[in-house]
Structures are given as structure tokens and as C-alpha cells.
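The tour moves from one selection to the next and says what is found at each stop.

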Amino acid sequence: MSGSALLACATRQLSTSLGMTVICSMVKVSVNYTGNLHCDATHGPSQSTIATDAPADNKGKGEAFSPTDLVATALGTCISTTMGIKAEELGVDLRGMTVSVQKEMSKDAPRRIAALPSEVHIPLPPDSPHRAVLEQTALNCPVHKSLPPEINRPTKFFWEG
């Protein structure tokens, strides 16, 4: 991380086996519980909002994304975004790429996400010289790296150009 990036972050040190880790506190999300298992979340910088509802199989009406749906959404959009960033660096156009994530909940207690299998459909040929770096970028996106190892997250890539 560059010196200017360090100055832009609120930092603190964590003791790790690898040394100092810098944590950048960059975005605040505010959540308002509106009742009946519904919440409205507001993204601080943009003020855009999303609504959540408890899922139908857990006392809700399923009228919006559930909190665990947002984890699956975060994984899919993070894969797409980080691949898009890398593709721009490589001078490659990924418009039309799709990512689907299937959220699977545990059948035993405690209720939790058990698996997030995903499929990435890439509008490039299978012999693309950027194949390996783009796949590794997807598998190393920040959300992928933030999920605990207990959550199974197989990722299949389909090169369709």
C-alpha cells in the first residue's frame, strides 16, 4: 500500500504472523429496522438504499433480499467487479459476463450459509491468454477471501467467446 493510501485510511495495526495489517475504514452503512422483519440499509457515500426482509422459510415474507441473500450477492458482484478491474488493466472487454451464485443454507442448527456455488460465464474464448489471471482474480476477490472456510464456495468458469 502506498504512503498516500495509508494517509487516506483510518489505520490500526493487528498482530498477525505476517506482521502489520492495515485496515481502511472507508464506508459506513446505516441500517434502520422498520418493523415486521424489514430493514432499510443506506450506503453512506452515495445515500443509495436497499431493503431487506427475512426469508419466507424463516418467519419473513421474502419480499426483498434477505441478509444472507446479500452475502451471495456480494460474492457475485465482487467476482464481477474484480474481474472487470483486471480486464480493464489487460485491455479486455468483459461486457456481457454473467455470474450466478446459489445460496444454500444449512439443514442443521445453527442456521447459516453452508455453500455458495457460483458460475461465471465469460464472453471470451477458452484459449484466451488472460484465462488464468482472470480466474485467479475471481477466486481472490475480497468477498471470496473474507468468507470463512466452512462455507463451501466452488466456482465454475465457462469461457464462451
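Begin by selecting Lys59, which is exposed, with a relative accessible area of 75%; here exposed means over 50% relative accessible area, buried means under 20%, and partly exposed lies in between, computed with a 1.4 Å probe on protein chains only. Lys59 sits in the loop between E5 and H2, and its phi is positive, about 75°, although the residue is not a glycine. As background, most residues other than glycine have a negative phi, and most peptide bonds are trans.

Before moving on, note that this is a predicted model, in which local features need pLDDT of at least 70 and side-chain atom pairs count only at pLDDT 80 or more, whereas totals for chains, interfaces and linings use all residues. Residues are numbered from 1 along each chain as its sequence is written, and side-chain values use heavy atoms, with hydrogens and water left out.

**The whole chain**

Colour the cartoon by secondary structure, and 4 helices and 10 strands can be assigned, where helices (H or I, at least four residues) and strands (E, at least two) are DSSP runs numbered from the N terminus. Along the sequence they follow the pattern α-β-β-β-β-β-α-β-β-β-β-α-α-β. Of the 161 residues in the protein, 27% are buried. The protein exposes about 10,400 Å², with carbon and sulfur atoms supplying 55% of that area, as computed by the Shrake-Rupley method with a 1.4 Å probe. Among contacts (heavy atoms within 4.5 Å) between residues at least 6 apart in sequence, 45% join residues at least 24 apart.

**The antiparallel sheet**

Next select E3, E4 and E5, which form an open sheet of 3 strands in that order, with antiparallel pairing; two strands count as paired if DSSP finds at least two bridges between them. Strand E3 (29-35) and strand E5 (49-53) stand at the edges with a single partner strand each, so one side of each has no neighbour in the sheet. Neighbouring strands here are turned by 20° against each other on average, direction ignored, the axes being lines fitted to C-alpha atoms (for helices, over the stretch in contact), with angles that run from 0 to 180 degrees between N-to-C directions.

Zoom in on strand E4 (residues 38-43), which is joined to E5 by 5 bridges in the antiparallel sense, and find Ala41 opposite Ile50 in E5. In the loop between E3 and E4, select Asn36, which counts as exposed at 66% relative accessibility and has a positive phi, near 55°, in a residue other than glycine.

**The mixed sheet**

Now select E6, E9 and E10: they make an open sheet of 3 strands in the order E6-E9-E10, with mixed pairing. Strand E6 (98-101) and E10 are the edge strands, each pairing on one side only. E6 and strand E9 (residues 118-122) pair in the antiparallel sense over 4 bridges, with Val99 opposite Val120 in E9. E9 and E10, by contrast, run parallel and are joined by 5 bridges, and Glu119 stands opposite Lys156 in E10.

Which residues of E10 form the covered face, and which the uncovered one? Thr155, Phe157 and Trp159 make up the covered face, while Lys156 and Phe158 make up the uncovered one. In a regular strand the side chains alternate between the two faces of the sheet.

Select helix H3 (residues 131-139), whose buried residues are Leu134, Glu135, Thr137 and Ala138. They cover an arc of only 155° around the axis, which puts them on the same side of H3, the arc being that of the directions from the helix axis to the C-beta atoms. The cover over these buried residues includes helix H2 (67-90), H4 and strand E10 (155-159).

Finish at His144 in helix H4 (residues 142-146), which counts as buried at 8% relative accessibility. Not counting residues up to four places away in sequence, His144 touches Leu75, Ala138, Leu139, Arg153 and Thr155. The side chains of His144 and Arg153 also make a polar contact at 3.2 Å, that is, a pair of N or O atoms within 3.5 Å, of which, within protein, one must be able to donate a hydrogen and the other to accept it, with residues adjacent in sequence counting only if both atoms are side-chain atoms.
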